[in-house]
Structures are given as C-alpha cells and as structure tokens.
Amino acid sequence: MRRLAWMTLVCAVLVFCLLPARAFAERTFIGAEKCKMCHKLQYESWAQTPHAKPLDALKPEERSKAECVGCHTTNGIELPNVQCEACHGAGSEYKTLAIMKDKEKAIAAGLTIPDEALCTGKCHNSKSPNFKSFDFKTMAPKVHEHKAPAAK
C-alpha cells in the first residue's frame with residue numbers, strides 16, 4: 001500500500017511538472033506551405049498579393065538591415081516574405097485540426113487575430129522609410145480571401 005502511494009505521488013509530481021513545461025513551450029514557425037494544407041483559398045489569394053513577395057521590393061543592401069528585413073519577412077530571413085505567421089503568430093501549437101476547429105483553443109495556443117494595432121505597431125508605421133498612410137479597414141481584406149465564395 002505504501003509503495004502504491006509513493007508511486008502515485010511520483011506520477012503526480014511528474015505530471016504536475018511536465019504539463020506546464022509543454023503548455024509554455026516556445027512556439028515555433030511552421031511556414032506558409034504547411035498552412036496551405038488546410039487553408040488553400042487563403043494561401044492562393046495571399047500568393048497574389050504584395051505580402052507574398054515584399055522581399056523582392058528590397059534593394060540588395062537593404063536585405064541585410066534588420067529594420068528592413070523585420071517587415072519584409074516572417075521571423076527574419078528564415079521565412080522569406082510576409083507569410084501567414086507574420087500576422088497570425090507562430091503556428092506550431094495551433095496547427096492541428098483539433099485545435100483550429102475551436103477558435104478559443106487556437107487563440108490559447110498562440111493564434112493571433114490581426115487587428116489595426118498589430119499591423120501599425122509591427123510594420124505599417126512611420127518607422128518605414130516608404131510609409132504612406134495606412135487604413136486598416138481598407139487594407140486588411142486585401143491580404144487574402146477569408147471565406148470561399150458562395151455557390152451560385
């Protein structure tokens with residue numbers, strides 16, 4: 001009986017210690033190609049926008065400047081261009097279908113729903129040497145399609 005109590009205690013301590021470590025694991029970027037597997041409409045429409053190729057807009061000397069690369073890539077040069085996770089957060093913890101089907105779970109796992117503060121705080125602001133005014137309500141729908149068109 002004593003041995004069972006000891007084993008139960010050890011198991012409880014392990015679970016108590018290991019679960020929080022997993023819950024707070026560093027989120028990592030997975031790349032737009034993985035997002036495309038489930039979000040084909042969004043991926044294909046995004047691929048036609050300037051966000052899919054802003055690295056091309058940089059001059060060779062600008063490609064080594066952190067202040068330029070920060071807005072023209074996702075997670076630095078590791079993921080070129082402004083991919084899904086630049087706006088939606090690193091996807092390693094919310095990428096599974098079981099989590100993505102539940103918006104609250106996805107947000108808890110790191111999904112970011114972009115808003116004006118995110119866009120203007122991160123990239124579309126006067127720190128950019130080419131900044132022009134930015135109207136979030138006008139520009140946000142141009143990033144990608146959000147829903148499939150209704151059947152006719």
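Cys 119 is buried, with a relative accessible area of 16%. The model is a predicted one, and the values below are computed from it.

**Cysteines**

The number of disulfides comes to 0. Cys 119 takes part in no disulfide, and the nearest cysteine sulfur, that of Cys 87, lies 5.6 Å away. For Cys 84, the closest cysteine sulfur belongs to Cys 35, at 3.9 Å. A disulfide requires the two sulfur atoms to be within 2.5 Å, so the sulfur of Cys 35 is too far from that of Cys 84 for a bond. Cys 84 is partly exposed, with a relative accessible area of 23%, whereas Cys 119 is buried.

**Thr 120**

Thr 120 belongs to helix 8, which covers residues 116-122. Its relative accessible area is 26%, and Thr 120 therefore counts as partly exposed. Leaving aside residues up to four places away in sequence, Thr 120 touches Asn 125 and Phe 134. Phe 134 is 14 residues from Thr 120 along the chain, and the C-alpha atoms of these two residues are separated by 7.9 Å.

**Salt bridges**

How many salt bridges does a search of the whole structure find? The search finds 2, and they are set out here.

| Pair | Closest N and O atoms |
|---|---|
| Glu 33 and Lys 36 | 3.5 Å |
| Lys 40 and Glu 44 | 3.9 Å |

Glu 33 and Lys 36 both lie in helix 2 (residues 32-36), where a separation of 3 residues places them about one turn of the helix apart. Glu 33 is partly exposed at a relative accessible area of 49%. Lys 36 also counts as partly exposed, with 32% relative accessibility.

Lys 40 and Glu 44 are both in helix 3 (residues 40-46), and their spacing of 4 residues is again about one turn of the helix. Glu 44 has 43% relative accessibility and counts as partly exposed.

**The chain as a whole**

The protein chain contains 9 helices and 2 strands. In sequence order the pattern reads α-α-α-α-β-β-α-α-α-α-α. Of its 152 residues, 28% count as buried, Cys 119 being one of the buried residues. The chain exposes about 11400 Å², and 63% of this area is supplied by carbon and sulfur atoms. Among contacts between residues at least 6 apart in sequence, 50% join residues at least 24 apart.

Technical notes. Residues numbered from 1 in each chain as written. Predicted model: local features only at pLDDT ≥ 70, side-chain atom pairs only at ≥ 80, totals over all residues. Heavy atoms only, no water. Buried < 20%, exposed > 50% of the residue type's maximum accessible area, 1.4 Å probe, protein only. Contact = heavy atoms within 4.5 Å. Areas by Shrake-Rupley, 256 points an atom, 1.4 Å probe, with all protein chains shown as cover. Salt bridge = Lys/Arg side-chain N within 4 Å of Asp/Glu carboxyl O.
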